[in-house]
Each structure stands twice: as structure tokens, then as C-alpha cells.
Amino acid sequence: MIKKVLIANRGEIAVRIVRACAEMGIRSVAIYTEPDRYALHVKRADEAYSLGEDALAGYLDPLRIVNLAQETGCDAIHPGYGFLSENAEFARLCEKHGVTFIGPESDVINKMGDKTQARDSMRAAGVPITPGSEGNLADIDEALTLAEEIGYPIMIKATSGGGGRGIRRCDSAQELKQQYPRVISEATKAFGSAEVFMEKCIVDPCHIEVQILADSHGNTVHLYERDCSIQRRNQKLIEIAPSPQLTPEQRQYIGGLAVKAAEAVGYENAGTVEFLLSGNEVYFMEMNTRVQVEHTITEQITGVDIVREQLRIASGLKLSYRQDDISYRGYALQFRINAEDPKNDFLPSFGRISHYYAPGGPGVRVDTAIYTGYEIPPYYDSMCLKLVVWALTWEEVIARGQRALNDMRLHGIKTTATYYQQILQHPDFQKADFNTSFVPNHPELLNYSEKSHPSEVALAVAAAIAAHAGW
Ligand code: ADP
Ligand code: ADP
Ligand code: MG
């Protein structure tokens, strides 16, 4: 069994990994850069080491991190999500230095982390993929010819993209000519690679993804699906497990496809296979070869601790569950509370948290690294808290989400919390009738007033009465 883990990440996911280690009697080592000196993962891990002044360089320096793991006696590295988590070179370096990388083998990361290679593997394995280019696009002429064949609308996508960036929809040849160089420049800047490919744009699909776990003994299982259709600019905002929109037959089919996809590439550890669902058609979109932001909701409906399983798998143990042992109960929602101002085009709103009160009560889970007095640094993700709620029925989970969002107090920065309450109130959301166009189709949901927040008003009134009465 792994004894000591270096966590090559920061923020809530680093704290999540520290928690799993603590419950398993594994020592945890945090790394941080100076802007993160007061971050929670630094305080919570058993040991913490600074990797210098630069906000990002330390988190992205494979050799330095592997060396530090060895110097501090760690036998494994957990990469979390983002940063080096899908960097095959990093995984290879770990393998070379005899440090266990908690994730799949480097060549599997290569196969699945690169979106065009993943499409090739899936084509070969008989998993349906979105129609599109066979590999990367050579130039705009090839793109124009192919788009005529496939038919507009099409998507131009960065081959090494992620986080919803480097994706543009084009509805005509004219748009394609405009967008093509933009995606290339975005991809080069954000991912250090100019490679792009084309997919047919599936209009108004649901984003359905399946969590899988695979051990080194040839066992692969799925933990059912998540519906991540509530997105803005291809970025997930609210995630749901299981999907309230799937039939039992679709659920079984898509779960089986995910296992087939993972087995086809010899996948090991936790991973997510993402699909688009349109009517009864299912298309493989990509695989994320790491723990995902929204693994929490799958944990809530299945009771499986995914990070714990990752650590066990990396230790060479067999999965704790066979497919038949895994069932789900109720519904879970995750709200990505971002430090952004929805009313100002979701502009990042970094700064000091002047007051934070965590929501609680039945069926509520919070994964975060913020605390009262914490200053959110401007260098990283704007996601600052994940609020997860669970309940037995769809109606109850919506009510619980409303209640938990109401309970929470997060002052000093603007967040997406109140906006999410508007989404929960929409009749289509309540009827479980939505797809990836829900957010762009409902700009009116941004016309809320922060001040009309009923409990906020009640609180202000109570405070005024208290002040008046001299309590
Ligand atoms: P998930 O697929 O787990 O829902 P997201 O797409 O929201 O994750 O990405 C999680 C984090 O990882 C974000 O900070 C995002 O910017 C980062 N990320 C994801 N993919 C990549 C990538 N290919 N390159 C760099 N960063 C990435
Ligand atoms: P990332 O690596 O950034 O997560 P994905 O390939 O998973 O990129 O796509 C992100 C989102 O973009 C999807 O969830 C979906 O909403 C949208 N999208 C991507 N490809 C297509 C497509 N071919 N047709 C329609 N929507 C798409
Ligand atoms: Mg994706």
C-alpha cells in the first residue's frame, strides 16, 4: 500500500486528496507557490514545501515535483485535475524515477488525452464517435472541403484542449474562415499546441459522461453517468447524477460503451468517458484521464469514494467493487460556485473573502479551500467552492439545492450562487428538460437582483431590529 503521497495540485482538489489520505493512514505532502502560502491545502497536508515565487511555474515543473517527491520519501504522486494531470511526459518521468503516478500509464494518457488519437482508438474499438476529421487538420482548405462533406454547423476544436477552451462553432464557410485562425491562436496560447480538428456540431445535445474505475487486474466498472448539460461557453456550471433524462436502456448502453472504451486502451485508475446524446444517438466526445471536478456527485449517489479507489488501484489492489455491487440512489447536484460576476459577463471577481458561512444540514456537502479572511489569488481557476446536494427524488434535490444556496454566505467577492437559484426555478429545469443550449437560450435568468434575496433581506431586517433594540 502507498504510504506517502505528494499532491501536485492546489485548491479544493488538493484538500480533497489530503482528506482521502488521512482516512487511509497515508501521509500527505503539499506543494505551493508563494501566492498560495496561506492556502488551505498547505495548512491541511502533513507537510508542505514551497516551489518559489512564480504563481504557476512550480505547479507545472515535472522534474522539480518528481525530485521533491523522492527527497521527501513519497512513493506516489496524485496530480488532481488540470495542471500536470493529463501530461504524459510527467507520468513517464514518474515511472522513470520509480514514483507511482496515480493515474493511467503514460502511453494511455497519450492515447486518450490527445483528442484525435482518442477518436482513432474509439473508431477502432467500435465506439461511435462524432463525425469529423480523421486526424488533425492540415490547413484551412482541408477544413473548408471537409466541412462541405460533413455539413454545417461544424466545430473546430483544439486537439489538446480542455476546460471548455479552444472550441468554436461555425455555421458557414465564412465563419469557418474567421474562426479557424482564432482557434489555432487560442490553442497555441492556452495549450502550447497549434493542432486542431473538426467535428460535426451536434445541435442541442445532452452532455452525458460516465465515471469508470479500472484496476491493474483487468477489472473495469462504471459508476453510472452524470449530466453536465448546464454549461456556459462549453464550461460546466451545474452537474447532475444520475441524468434525469436517460431511459434505463440508454443508461445501460452508455455505461457499457464507457467500459468498452476504457478496456480498448488498457485503461487503469479512475477516468471519465464523455459523450454527446442527441435523441437516441450517442457519440463519444473525449476521455478525461484523471479525477474530475464533478466526481463528488457520483460519490453521493453510489457511496463509492473515488479518490480512495484511485489510491487503492495505484497501490496494486483489486477494485473494492464488482459491477453488480454498484448501485445508485437518489439524485445529486453540484454547483460550481465561481468567483465571477454573472451580471458582468462572468468577469472574474477575485479578492478577499470577508465572510464565509458554510451551508449544512441533511444531504449537503461542500468541497472548497476558502475560509473567512482568505484572499483568492488572481492567478488560478475562478471556481472557489463546490456545493453538492443529495436527495431521494428530483423534486427534493432541487428544493435542497435552493435551500443550501440560500444557507450559504460568501461575502467580499461576486459569485455565481444567486444565478444558479434562477436556473433551479426555471420550469424546464424542474421538468428535467434541458440540453447544452439551456444557458444561452435563457439570458433572462441573469436579470435577478442580489438584494431581493429573501433571507438576505430578512437578515438585514433582523440586524436592524437588533441594533434598534440594543441587543
Ligand atoms: P472536468 O472535466 O473535470 O469537469 P474542467 O474541464 O472543468 O474539468 O477542467 C478542470 C480544470 O482543469 C480547469 O482548471 C481547466 O482549466 C483545467 N484543464 C482541463 N483540461 C485541461 C487541459 N487540457 N490543459 C490545461 N488545463 C486543463
Ligand atoms: P473540453 O476538453 O474542453 O472539456 P469537450 O470536447 O469535452 O472539451 O467539449 C466541451 C463541450 O463543448 C461539450 O460538453 C459540449 O457542450 C460542447 N461540444 C463539444 N463538441 C461538440 C460537438 N461536436 N457538438 C456539439 N457540442 C459540442
Ligand atoms: Mg470535456
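Phe-83 is partly exposed, with a relative accessible area of 27%. Here buried means under 20% relative accessible area, exposed means over 50%, and partly exposed lies in between, for a 1.4 Å probe and protein chains only. Phe-83 sits in the loop between β4 and α4 (88-96). Helices (H or I, at least four residues) and strands (E, at least two) are DSSP runs, numbered from the N terminus. Phe-83 is not a glycine, yet its phi is positive, at about 40°. Most residues other than glycine have a negative phi, and most peptide bonds are trans.

The model is predicted: local features need pLDDT of at least 70, side-chain atom pairs count only at pLDDT 80 or more, and totals for chains, interfaces and linings use all residues. Residues are numbered from 1 along each chain as its sequence is written, chains are lettered from A and ligands numbered from 1 in the order in which they are written, and side-chain values use heavy atoms, with hydrogens and water left out.

Asp-345 also has a positive phi, about 55°, although it is not a glycine. Asp-345 belongs to the loop between β15 (340-341) and β16 (347-348). Two cis peptide bonds can be described as well. One runs from Tyr-152 to Pro-153, with omega near 0°. Pro-153 is placed in the loop between α7 (140-150) and β6. Another cis bond joins Ala-241 and Pro-242, with omega about -15°. Pro-242 lies in the loop between β11 and α9.

The loop between β11 (235-241) and α9 (248-264) also holds Ser-243. Ser-243 counts as buried, at 2% relative accessibility. Its side chain makes a polar contact with the side chain of Asp-227, at 3.2 Å. A polar contact is a pair of N or O atoms within 3.5 Å; within protein, one must be able to donate a hydrogen and the other to accept it, and residues adjacent in sequence count only if both atoms are side-chain atoms.

The chain is divided into domain 1 (4-102), domain 2 (131-200) and domain 3 (206-456). These bounds come from an automatic or database domain assignment. The centres of domain 1 and domain 2, taken over C-alpha atoms, are separated by 34 Å. Strand β4 (residues 76-78) contains Ile-77. Ile-77 is buried, with a relative accessible area of 0%. The C-alpha atoms of Ile-77 and Arg-226 are 27 Å apart, and 149 residues separate the two along the chain.

Ligand 1 is surrounded by 16 residues, and the closest are Arg-290, Gln-292, Val-293, Glu-294 and Arg-336. A residue is near a molecule or strand if one of its heavy atoms lies within 4 Å of it. Domain 2 and domain 3 both give residues to the shell around ligand 1, so ligand 1 lies between them. The shell residues divide into three nonpolar, seven polar and six charged. In this grouping, Ala, Val, Leu, Ile, Met, Phe, Trp, Tyr, Cys and Pro count as nonpolar, Asp, Glu, Lys and Arg as charged, and the others, Gly among them, as polar. An oxygen atom of ligand 1 is 2.7 Å from an N or O atom in the side chain of Gln-292. A polar side-chain atom of Glu-294 lies 2.7 Å from an oxygen atom of ligand 1. Taken alone, ligand 1 exposes 560 Å², and the protein buries 79% of that. Accessible areas come from the Shrake-Rupley method with a 1.4 Å probe; for residues, only the protein chains shown count as cover.

Ligand 2 is surrounded by 21 residues, and the closest are Lys-115, Gly-164, Glu-199, His-207 and Gln-231. Six residues of the shell are nonpolar, eight polar and seven charged. At least three come from each of domain 2 and domain 3. β6 (154-158), β8 (196-200), β12 (269-278) and β13 (281-288) each supply at least two residues of this shell. A polar side-chain atom of Lys-115 lies 2.6 Å from an oxygen atom of ligand 2. For His-207, a polar side-chain atom is 2.7 Å from an oxygen atom of ligand 2. A polar backbone atom of Ile-202 is 2.9 Å from a nitrogen atom of ligand 2. Taken alone, ligand 2 exposes 550 Å², of which the protein buries 95%.

Ligand 3 is a magnesium ion, coordinated by Glu-274 (OE) and Glu-286 (OE) at 1.9 to 2.1 Å. Glu-274 lies in strand β12 and Glu-286 in strand β13, so the pair ties together parts that are 12 residues apart in sequence. Both Glu-274 and Glu-286 are buried. Donors are N, O and S atoms within 2.8 Å of the metal (3.2 Å for Na, K and Ca); water is not among the atoms, so sites may look incomplete.
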